[in-house]
Amino acid sequence: MQTNFIRKIFFDEKSRSLLIQALVIGIFAVFIYLLVQQTAANLERRGISSGFDFLSMGAGYDISIRLIPFTSEDTHLRAYFVGLLNTLMIAICGCFLATILGFFVGVIRLSSNWLFRNIAYVYVEFTRNVPVLLQIILYYSILLHLPKIKQAIVLFEGFYLTNRGLYSPLPIFKEGFSIIVVSFVLAIIASFIIKKYLKKKQEHTGKQYPIFLINSALVIFTPIFMYYLMGMPLEFELPVLKGFNFKGGMVIRPEFIGMLLGLSIYTAAFISETVRSGIISVSKGQREASQALGLKSNLIMKLIIIPQALRVIIPPLTSQYLNLTKNSSLGIAIGYADLVHGFGGISLNQTGRAIEIMLMVMLTYLTISLIISFFMNIYNKAVQFKGNA
Amino acid sequence: MTKIKSLFISLVLTLGVSSAIAGSHGSTLDLVKERGKVMCGSNTGLTGFGAPNDAGVWEGIDVDICRAVAAAVFGDASKVEYVPTTTKVRFTVLQSGEVDLLARNTTWTLSRDVDLGLEFVGVNYYDGQGFMVPAALGVSSATELDGASVCIQVGTTTEMNLADYFKANGMSYESVPVETNSEADAAYIAGRCDVYTTDASGLYSSRAGYADPSAHVVLPEIISKEPLGPAVRHGDSEWADIVRWSLNAMIIGEELGITSTNVEEMKGSKNPEVLRLLGVEPGYGAYLGLDNEWAVNILSQVGNYSESFEKHIGPNTPINIQRGLNALYKDGGILYAPPFR
């Protein structure tokens, strides 16, 4: 009985493969354990402190680019969140801009206009074949050569462009502004309901309604109407040149603009190729058939081509989003205060907790990436063919 | 089965060897002697302190510390390999054993000395944090800097001093963080920031490299103590002693008037401290595990502290720094080495 059991383990293909897999996992676990233990022992022997107690200690440095208040008296943990938010800000803005630019260029690449098509071609080949770090440094260097603060370019009243960033008026919300926001949200909800209703009506009667026009008007004019109704509860604080810098107003720093341009222009080149391949993947017959039905070319694109192309576009698009997010760690090259620069750089230096901090930063990037993948997978499922296609 | 077995054995061996390497605990001196050269963590390039010259040879008063150690150990000051380190990686490079000592304008602080497992062996330049602004701004004091944009190297003590100084004076500022000295120069010259702050020595060094040095002024305020000195790893006092006394030998050399040119004559001196230093009266080299000529080699090949200072950063160089605090204690400075006996 016993020998039978052992014999079964070694000679049965299924249990043997299970055994080998268990063995590999076991060895890997032992390896990780030894690595961790060895590291801890070495740190201790060299008299290097370790642990996460530093998170509650004062950071002692200032961060200029921040979304939440931060002073040098705040903790390293808060510095972590400042950095995390800056990373998320560049990742979200970058993905947004790269997607728009990428779709635009991807469609132009298939244009019948020789000049447009080839301009897009040169753009794609140039940007995706030059390392993104160099592009970021290039854009940042150009931004640094904008006029100095005293010779700021006046774009409009209250908007100034200098090599210290783009200064603009800061909106100040007064009492009653929240009602405008609520009305805006309600208008958006209403527009969805109207769209659904009119679509249904169209299916019944065949009559087409200018849904987009109606809804745009609704979403735009409702808040404007409410704004005047509430007695214009919005003021702007203009930036004023005082001493060394502009005081008041808002500013977008050149470090952020440089990162945004570098990342989105680079990633857009890849996205445009993805979009192009997606559109090409839709068989020619689909277009011809819809032309035969008498659809206009923008409707063919919107109703026939794009929905089918999305099936092909979404999975590689997800990995481009992930790339952009991870590439945002290059902010360190031009002093953009992202997670790696602030927490992973300055805090690391002040506290010397290299292993702890790097682990935290890596786990954070992993989490962000997994969240992006999760939502993109949901979206991917939504655009796939339903039924037995 | 044999395959798996051999795989397992090799894995065990690999683990054993790697932990043996990680755990090896030999003396740094033996390691250095075996290697035949001193690995020295230097600046990525700070003129006068540690930077390669036109011919690609490293020079500067920090570099001279490394050369002095090499002269003491090997009798040849050129047996040094320089590892350029940024402010960010410098401690890790030293902790991990990639370099034997760190000689790159690093401030001696409690947390670095204790918490990072380093040992500072002395001070080779007493510095303090200063501010540089374009002369055209018309600023004459650091207290007028409210609202300014300030370029600063990340991962330095200057970053914290800056935050403290502006807070204490009720002023605001925008920090523009940069990685290296040269990036800071570029951002400052482009006007991204109004002020460049770092150790005053670094400001003088940077200014010397600008197209028009006279267009920039270093403000009179010095807002911190920045004792810069060489550091080694904790836990090998023998090696720490060698580095410490290599530096001290240069300082004592100046005190006793021994220079690279008169070192041989001085062997005939009547001053017993000179004779002890120059190994005429034997024994002191052996204390350190070196030969008796170690200090002679330092002084003849590298020179005394004053020679090193005048050659690299003194008033006759483009960097143009006065001795000030870094003069000997008997000349009004605070440079002071323990007695050689």
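Q: Where is B:Asn320 found?
A: In this predicted model, B:Asn320 sits in the segment after α14 (305-312) of chain B.

Q: What is the phi of B:Asn320?
A: The phi of B:Asn320 is positive, about 55°, although the residue is not a glycine. Most residues other than glycine have a negative phi.

Q: Where is the place of B:Asn105 in chain B?
A: B:Asn105 belongs to the loop that lies between β5 (101-102) and α5 (110-114) of chain B.

Q: Why does B:Asn105 count as buried?
A: B:Asn105 counts as buried because it has 28 C-beta neighbours inside 10 Å.

Q: Changing topic: at what angle do α9 and α13 of chain B cross?
A: The axes of α9 (residues 237-255) and α13 (residues 294-301) of chain B cross at roughly 65° and come within 10 Å. The crossing of α9(B) and α13(B) is right-handed.

Q: Which residues make that contact between α9(B) and α13(B)?
A: From α9(B) come B:Ser246, B:Ala249, B:Met250 and B:Gly253, and from α13(B) come B:Ala295, B:Ile298 and B:Leu299. By class, 5 residues of this contact are nonpolar, 2 are polar and none is charged.

Q: Which domains does the assignment give for chain B?
A: The assignment gives domain 1 (28-126 + 228-331) and domain 2 (129-224) in chain B. Their C-alpha centres lie 29 Å apart.

Q: How many residues of domain 1 of chain B are in contact with domain 2 of chain B?
A: In domain 1 of chain B, 17 residues are in contact with 16 residues of domain 2 of chain B. The domain 1 side has 6 nonpolar, 10 polar and 1 charged residues.

Q: And how is chain A divided?
A: Chain A is divided into domain 1 (2-45) and domain 2 (76-169 + 238-383), and the C-alpha centres of these two domains lie 44 Å apart.

Q: How many residues has helix α2 of chain A?
A: Helix α2 (residues 13-45) of chain A has 33 residues. From its first C-alpha to its last, α2(A) reaches 48 Å, close to the 48 Å expected. The number of buried residues in α2(A) is 0, so this helix lies largely in the open.

Q: How many residues do chain A and chain B bring to their contact?
A: Chain A brings 30 residues and chain B brings 35. On the chain A side, α2, β7 (245-247) and α11 (342-351) each supply at least two residues. The largest share of that side, 4 residues, comes from α2(A). By class, the chain A side has 9 nonpolar, 15 polar and 6 charged residues.

Q: Is α11(A) enclosed or open?
A: Helix α11(A) is largely enclosed by the rest of the structure, because 10 of its 10 residues are buried. Among them are A:Phe343, A:Ile346 and A:Leu348.

Q: What covers the buried residues of α11(A)?
A: The cover includes α3 (76-109) and α12 (354-383) of chain A, together with α6 (157-168) of chain B.

Methods. Residues are numbered from 1 along each chain as its sequence is written. Chains are lettered from A and ligands numbered from 1 in the order in which they are written. This is a predicted model: local features need pLDDT of at least 70, side-chain atom pairs count only at pLDDT 80 or more; totals for chains, interfaces and linings use all residues. Axes are lines fitted to C-alpha atoms, for helices over the stretch in contact, and angles run from 0 to 180 degrees between N-to-C directions. A crossing is left-handed if the near helix is turned anticlockwise from the far one by less than a right angle, and right-handed if clockwise. Two residues are in contact if their C-beta atoms, placed from the backbone, lie within 7 Å. Ala, Val, Leu, Ile, Met, Phe, Trp, Tyr, Cys and Pro count as nonpolar, Asp, Glu, Lys and Arg as charged, and the others, Gly among them, as polar. A residue is buried if 20 or more other C-beta atoms lie within 10 Å of its own, exposed if 12 or fewer, and partly exposed in between; C-beta atoms are placed from the backbone. Domain bounds come from an automatic or database domain assignment. The expected span of a helix is 1.5 Å times one less than its number of residues.
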